[in-house]
Every structure is written in C-alpha cells, then in structure tokens.
Amino acid sequence: MSAHVGLHTRCGHPRLNPSGLFVGGSATFQITFSSNVDEDDVQWSLANGKAAFVFGYQGTASRVVVGLAPGTETLTANITHYVGPPPQFTFEVYPDADPIAVHFMFICDNNGNHAGSASDIPSLIAGVNYIYRQVGIRFSQASVTYTNEIFWYLNSDMIDYQKDIVNVMTNTGGLEAYIVPNIAPNVAGKNLLNEGLLMTNTVSAHILAHEIGHQCRWEDIYTAVPDQPPLTMPLSQSHLSSADWNNGPGPQEYYGRGLPLATVIKRCLMFGYTSGGHDIPAGPVKGYSKEGVFGPIQIGASGMDRTPHHN
Amino acid sequence: MKVFSPYIIVSVMTGLAFTVFGQGRIKLQDELAEHLATNCISKGSARLWWHPDETLIKQNLAFERERQLSQGSVVRMLADGLEVEVSRTSVTNTAMVSRLLDAILRSVPPPTNLLEKALFSSADWSRPLVMEACVLLETSTDEGAALVKALVKNMSSERRAECYAMLGKRLEAVYLLPYSKRNSHILSQGVRFMLTAIRIDPSAECIMALDMALDKPLPTWKDWNVRKRIAEKYKDSDGKVGEYFGKLAMTLGPPPTLSWTNVEPLLFPHPIDNVDGDWEAECDSLQQGINRQIAFDFGVSTREVLRLAEKKMDELAHAEQLTPKDAELLGLLSGVLWHSRDAGSSGFLLNLLNSPGHQDVIWIIHTYLRVAGPDQFMPMIRRVKKEFPQLNPIRLFPRCWVIAAEYAGSNQEKTLVQREIIGFLRQQIHDVPVQGRSLLDKCLLRCDPLWESSTDRKRLFGHTTP
C-alpha cells in the first residue's frame, strides 16, 4: 500500500498531516491505496468522539470529518488483511475562540501615499485565517490607521527607523502590522520580535501568516545553508514528531516512497523563503535553522504561543 | 542510583583537590560527590549530547552559590578531573570518561575551549572520546577554526591525521545507521569541523586523512569543487599522498573555474525576517560566511568573489533596459555588497558613482560610506554636498548619520577623524527638519560623550529625550 494523507487546500494540493480543525469545521483526509485494496476492505474509525464522518466510514475514497467537540481525535484506516499498523492521524479539534486582533498602520509620505491598500485587508485576514485554522486560531482586523512620516516612508529599510515604526502602536493586546514601502532588498515581511511586524504589501496572506508565525515562537526552517550539505535524504520517522508520522511502519510509510525531507520542509509555512507552503505540522520538523544547525525546528502546533501579540 | 562509582569520584577529587581547594577539601569532596551522584545523571544514554541541560546548569549554580564558589567552578573541577583521567596510560576506563564528558557537556553552553587541555593530555585510548566531545561543543561562528588552530599548534601532523581518521570512522558509523537511529547532530557538527580543518590544516597528510574521512559521511563531498581543487593541488606530492590524490584527480576531473554562472546559485543568503537582536550584524555575518565558502570552494579570495558580483552589477546597471528579473538581481547584488562590507569594493563604487546607470545613486553613496572606512567618510560627504545637491536629503542623510555614529565610536578619546565626524553630526542636527532630529540625537548619544548634557541638546529638546 502506498499512501499519504492530505487535507486538501484551495489550490488542490494535498496538505500533509493537518494538525487540527475547529469545532464545526471540516477536513478531508485521503489515502492513496494500491489497486489490490477493495472498497470493502477499508473501515475508517474515529476513536474519541471529538469528530464525525460526513459521508460514511467505509471505502477507499477520501473521508470528510467535522469537528464535534474540543479535544484530541485519532482517525484510523483499518484495512482487511493488511498486516502493518493501520494508518493513523492524530489531530486536535479546537474550540471556537475569540479572534486575535490585528491592528494595521500605513506609513505614508507627506501627500498620504503609501504601499498597499486598506481595501485588501479583509481578504488578507481571510487568507491568514484559512492557514491558521489548522491550529485553531482566528484573526480579525481591529483597526486601520495612517501616519504621515516622511523620514520613515523614505527610509523604511533602515533598521533604526523600523524599530521606531513598530513602537507607534503599543499594548494593543493584539498583533501590530505596519505597511511600509521597503524592508530590505527582496524582503516582503519582517517580524521584530514582540514589537511589531512590517510588510511591503497587503495582498500576501502567506507573508503575513509567516510573520505572525514568528510571533507564535516558530522559527524559520531551511533545506540548505552555507557550509552545510543540502538535505537530499528521504523523509524518515526521525525527522518528524510521532504525531506527524501517522503510525507508519517505515521506512517511509505512510508517506510517498522516496518523498524527500526537503519537499516536506518547503511545504511548511515556516520555510524561510516566500515560496514556502501553508502546512503547519503537529510538532517540530528536522531541518536547518537560520544559524545553520541541523535539528528539530519548532514550526508546529505543539509548544506554540497560541495568543501571539506585540507589546 | 549512583552514576559515578566511588572510583570516579575519587579520581575527580584528586584532580580538583590540588587545583582548587587546598584546606577543607574533604568536606567539599563529599558534597561534590553527592551533587554528582544526585544531579549529574544523564536522562538519556551517555554521549547523546544534544543541548545543554538547563536543570543541571541551575543545580551547578546552586551548588556553587551555597558554597560561595565562583560561577563555573563545578564544570572546571570536572574538567580538571577529566584531564587527570584521560592522561592515564595504564587505566582505560572509557565508561567513566564518557560519563564525565556527559556531565560536562550538559553543564556548558557551547562554544567553549574547556576540553582542549584534556584533549592534548589524553592518552591514545581516551583521545577519540575527548576529540568527539570537542567537536560537538564547536558551535561557534568560526565553525571550528579555533579548535583546528589549537590542534595544529599542539599536535604533530601524524597525531592530527589519526584524530581526523578516527573522527571520520565515528561519523561513518553514525551515517551507516538507519535514518531513524542516526544522530544527525554529531554528523553535522563533525562534517562542519572537518570542512574547516581541510581549509586550515597545512599538512598534506592531514588533508588526505580529512578527504578520506569526509567521503562517507558527506555524500555530496564528491561534487564539491574544493575536492577537485585539492586533488589537483596535491596530485604531484611525494609518496602515498601524491598517489592518492593522483588517482582522485583522474576520477574527479579538473575543478570548474570561477564564473558568474557557477557562483550565482551560491551567492545570495536566505532572508532574515525574524529580528531578535542585531539584524544588520546577523546579515553581515551570513553574507560574509557565504563569501568565504565560495572562495574556499573555488580556491580564490573573497575579493575575487566580490569582483565577480561587482562586474555583474556593473553590467546590469549599464544595460539598456532592465527586465523585472534583472532589477531583482540588481537588488540582491546591492545586498551582497552592502553586507559584505569589503573595503576592496570602494574603487568599484566610486566608478559607479561617476556613471550610475540604473543603480540608485543614494545606495552607491551609502554603500561606499559603509565599506570605505572612517577616513573616507568626510571626504565623500563633502563631495556629495558639492556634486549631488539634487539628492533628497531626507533619504540621503539618515543612513549617513548611523554610519557616522559607528565610525565615531563609543570611546571617550576621539581621533581627529572621529571628532570631525561628530562635528558633522552636530551640524546636521541644526540643518535637518524637526522630524529628523530624533535619529540624529540617538546617533550623537551613541558616539559623543559630551552631547547628552550639552547646551545644544538642551536648547533643541529641552530636558527630555525626544
């Protein structure tokens, strides 16, 4: 049996190992079975009553589950005559919680010109919420303000001014995002830890979600760093937390045989380049840190700060 | 459960009794023995050193505080004891040495050269263990250069070659394990150390040992340019070294030359978008590390690498039209020169200033000021004021102030150049619009010891900082 599990994204790509969903939310799990597995051979089950199937529990087709009550749930695909451990997916069902407020400020020149547009913000927030539903967190637009400061506008790529900019809004109780014309060559987002985050546009939900991720205490993860060999090895159990491994017997089951670790890293929200994906795993994933050290990088739901805020 | 046998404790105490305590040592020996037995128990297997153990570090601190010992005494005592143990030629208790190393490594935030003394006094049986521990602790930004230099200074080339070979064997054994059981930390630390050693060690025999040692644990080693270059360099050596590298050179073929096509994929660092410290310094360090790595791989100086980047920038700046991709590349190259901070770029930047093409003149001025050093600061400022009056001062000057403050330094005694730079900043604060004064004030506070209580400042800001 060759299999992987996925939560389908809007782009149609499978998202591996969804770490969770909201009560009332739904997620689609899919396993690719080999041709000798019949419809009747597969019985799906949910262990803890925290989620339920929408369209039955038998068959090789993908399964849609809905969250019923907060807590940890385990989905198992029991396969007749299959001798290995059954594929299993542990995920969280999160309670509906108050959204985290995001305050936006546009840095303008003397004529009111600025990067980005306030009208983009609702869809920006919707995009971020779509990503963060995996960890049961929502965000909402709390305020939009403008400030005319020509020195900041023209020199927003200077770290000294960036530190001044992120101190304009303080103690809002939420996140503070500042839209500036420049941050650094080819850098579209930057989080100044605990102070505020900077963005050069108002359209990329991925960038905002990634920068918020840093405030959730997640780190950047890389597949290659200077002075170190690039990660060419296939994904293995030691690279993931047990919650992300799906009960697979190894060497790679239930991931696609030969799936490189680098591919999994690049699918993650905290991959250090803007080309990164939207996946938030349940636990850490092994890769390179920004310091160039190979090891487990905290990019998953476990251990994250669930109430990220800037001071 | 006691991890340390009485023998170990006595051994440790013997080492520390003479070096640390003198009188009253018996009582302290007993107390330290108790501390070791109750607190220094590795939770996992011995020699799985991943991270310093915060709990143990706190317990060591508490032990030291209670007995009014200086901070780090426990670790130093253990290291002294270790030094005694590893130098024994007749006793080969590897389990004991492993446990002592375990306790030390879990107590020390790396990097440290704490174990080097033990390494140089270790007997043949204990050297592999201590060597591995030293490499594991090498997480400093110099990527193990300090350890390699210490080895070169204190060990014969034969012994170094033995050390590299045994480290290679250890890494090979780790690499051959299934992925799930592999200790990736030691693998990455060991490879990083050996790559540094191959750059620094002057002995041809040692380079051969390192090349052999890297072959298995670093599967991509066969593709590194530096390996081809090393083979080319040593293929005509005498004896077995020449024979080995001669064969290797035949297999690998000639090393590729330094060209933009070969360098471009390696030159640009990943963006650093999470700031918790000195962002500029972090970016500088990253870019300069990349430059060194490319220079190492191609066997050239970092200047030559940067000359290639400058040539490409010149080409793009003077192209008839810039595609969006070219413009992005120009931006990335700007970052490379800015963060490389190489004084050798000064001449190129001066030429570019005369004919900027698509390149931003203000960026050229800022980068020149940043790379050329303090002596060139005021001459360039004077030139800019005279030749480029059309430039927007609000964009031009703020970055100049920050660079000026760095050059003027935080020291009390100022050179003539530094005094002149401070004079420039003091003048600027009168010339700029009010909104610009805040940053200027910060810059002056950083470098001018007289500024904080000066009448100028009081007049401009009253008694409070803006």
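## Helix α21 of chain B

The residues of α21(B) that count as buried are Phe397(B), Pro398(B), Arg399(B), Cys400(B), Trp401(B), Val402(B), Ile403(B), Ala404(B), Ala405(B), Tyr407(B) and Ala408(B). Buried means that 20 or more other C-beta atoms, placed from the backbone, lie within 10 Å of the residue's own. Helices are DSSP runs of H or I of at least four residues and strands are runs of E of at least two, numbered from the N terminus. This is a predicted model, in which local features need pLDDT of at least 70 and side-chain atom pairs count only at pLDDT 80 or more, while totals for chains, interfaces and linings use all residues. Residues are numbered from 1 along each chain as its sequence is written, and chains are lettered from A and ligands numbered from 1 in the order in which they are written.

The cover over the buried residues of α21(B) includes α2 (150-154) and α3 (159-165) of chain A, and α19 (361-372), α20 (377-387), α22 (416-431) and α23 (437-447) of chain B. The end C-alpha atoms of α21(B) are 21 Å apart, which agrees with the 22 Å that its 16 residues should span at 1.5 Å a residue; the expected span is 1.5 Å times one less than the number of residues. Gly409(B), with a positive phi near 70 degrees, follows α21(B).

## Nonpolar cores

A nonpolar core is a set of buried Ala, Val, Leu, Ile, Met, Phe, Trp, Tyr and Cys residues joined through C-beta atoms within 7 Å. The largest has 95 residues, of which Ile107(A), Trp401(B), Ala404(B) and Cys443(B) touch the most other members. Helix α21 (residues 393-408) of chain B gives the most to this core, nine residues.

Leaving out residues up to four places away in sequence, Ala404(B) touches Phe377(B), Ile421(B), Phe424(B), Leu425(B) and Cys443(B). Contact here means C-beta atoms, placed from the backbone, within 7 Å.

## Where chains A and B meet

In chain A, 38 residues are in contact with 39 residues of chain B. On the chain A side, two or more residues come from each of α2, α3, β13 (189-192), α4 (205-215) and β16 (294-297). β13(A) provides the largest share, four residues.

β13(A) pairs with strand β1 (residues 274-275) of chain B in the parallel sense over two bridges; pairing requires that DSSP finds at least two bridges. Asn191(A) stands opposite Asn274(B) in β1(B).

## Chain A overall

Chain A has six helices and 16 strands. Of its 311 residues, 47% count as buried. The C-alpha trace of chain A spans about 70 × 45 × 30 Å along its principal axes.

Technical notes: A residue is buried if 20 or more other C-beta atoms lie within 10 Å of its own, exposed if 12 or fewer, and partly exposed in between; C-beta atoms are placed from the backbone. Two residues are in contact if their C-beta atoms, placed from the backbone, lie within 7 Å.
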